[in-house]
Amino acid sequence: MPWNRRHLLTLEELSRAEIEQIHATARAFKRTLQPGGARVPALAGRTIVNLFLEPSTRTRLAFDMAAKRLGADVISFDAASSSTTKGETLRDTAENIQALQADMIVIRHAAAGSPLYLSRILDIPVINAGDGAHEHPTQGLLDTFTMIEHLGDLRGRKVVILGDILFSRVARSNIHALTKLGAAVTLVGPSTLVPDSFTALGVKVSHDLRGALADAEVVMLLRIQHERQAAGHFPSLGEYTSMFGLNKARASWLNPRAIIMHPGPINRGVEIDSELADGERSVILEQVTNGIAVRMAALFLCAGGRPEQLPA
Ligand code: CP
């Protein structure tokens with residue numbers, strides 16, 4: 001199937017077939033990450049600017065590595081030393097980056113909709129690396145890619161997403177990808193962070209941790225997004241942990257083959273204990289590695305990469 005999008009803005013707008021195409025492309029690129037794997041300089045001569053106006057470790061580094069593995073030149077925008085600190089707008093910043101002959105922009109921004117806005121005013125592809133509490137499409141793609149590696153086809157698979165759903169762009173992107181791929185998704189957490197309104201997205205909402213974990217094949221932990229909460233949504237972190245933190249006793253309620261996921265960064269001892277984050281059921285670092293392959297796929301497809309350029 002030909003890829004017809006120049007931008008990757010949300011998973012809400014992608015079809016199941018498009019998600020599967022990104023996954024298949026990422027699978028081809030993942031083979032190149034092995035020692036001695038073939039280099040695929042499909043983006044040689046292109047310049048990609050990582051315009052991150054919020055902090056990031058995994059996403060920015062993975063986009064850097066993905067672009068370099070595709071042969072592109074990569075420039076990471078340093079927000080703290082940029083003219084945004086002098087009041088320059090996002091529009092002016094982005095139009096200047098385009099005027100400096102960038103071929104593609106990867107943007108992370110606190111404002112929901114900022115990647116869509118740039119896609120409407122620029123002539124170059126825009127990739128969303130996280131916009132406020134709205135979406136984090138490449139995270140949803142790498143998470144579902146990792147689940148498929150462990151479980152195969154996700155139709156009917158039981159996935160629990162546990163934690164601060166309300167303020168999580170990761171949760172929204174995963175919900176869109178998982179429901180399109182046929183998984184049965186249950187959101188769990190305190191009612192202030194997991195309101196019933198999420199059922200409109202085709203998922204279940206539960207505040208009964210034990211019941212939800214009992215038949216889960218995947219549990220994905222999310223951290224409390226303090227940076228996006230204007231007011232406390234629960235009495236204290238300690239109380240949150242005592243009610244919803246994943247520890248060894250609660251993990252014993254899980255299906256024995258269940259995998260444990262977390263997009264990072266982890267607040268150890270809050271949403272998950274270290275022995276589980278580092279334990280044998282954890283696939284957290286596999287998620288990080290898969291982030292390179294998935295971002296190679298996103299950059300390659302949105303830059304107009306052709307199937308014959310993919311590694312065998
Ligand atoms: N998962 C994720 O987006 O991590 P970073 O904020 O470190 O990029």
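Okay, let's start at the ligand: the shell around it has one nonpolar, six polar and two charged residues. For those classes, Ala, Val, Leu, Ile, Met, Phe, Trp, Tyr, Cys and Pro count as nonpolar, Asp, Glu, Lys and Arg as charged, and the others, Gly among them, as polar.

Quick caveat: this is a predicted model, with local features needing pLDDT of at least 70, side-chain atom pairs pLDDT 80 or more, and totals for chains, interfaces and linings using all residues. Residues are numbered from 1 along each chain as its sequence is written, and side-chain values use heavy atoms, with hydrogens and water left out.

So who's in the shell? Ser56, Thr57, Arg58, Thr59, Arg108, His136, Gln139, Pro263 and Gly264, counting a residue if one of its heavy atoms lies within 4 Å.

Now the polar contacts, meaning pairs of N or O atoms within 3.5 Å. The side chain of serine 56 puts an N or O atom 2.6 Å from a ligand oxygen. For arginine 58, a polar side-chain atom is 2.9 Å from an oxygen of the ligand, and histidine 136 has a side-chain N or O atom 2.9 Å from a ligand oxygen. On its own the ligand has 250 Å² of accessible area, and the protein covers 92% of that (Shrake-Rupley method, 1.4 Å probe).

Then the domains. An automatic or database assignment gives domain 1 (16–135 + 288–309) and domain 2 (137–287). Their centres, over C-alpha atoms, are 26 Å apart. The contact between them takes 27 residues from domain 1 and 31 residues from domain 2, with contact meaning heavy atoms within 4.5 Å. And back to the ligand: each domain gives its shell at least three residues.

Note on methods. A polar contact is a pair of N or O atoms within 3.5 Å; within protein, one must be able to donate a hydrogen and the other to accept it, and residues adjacent in sequence count only if both atoms are side-chain atoms.
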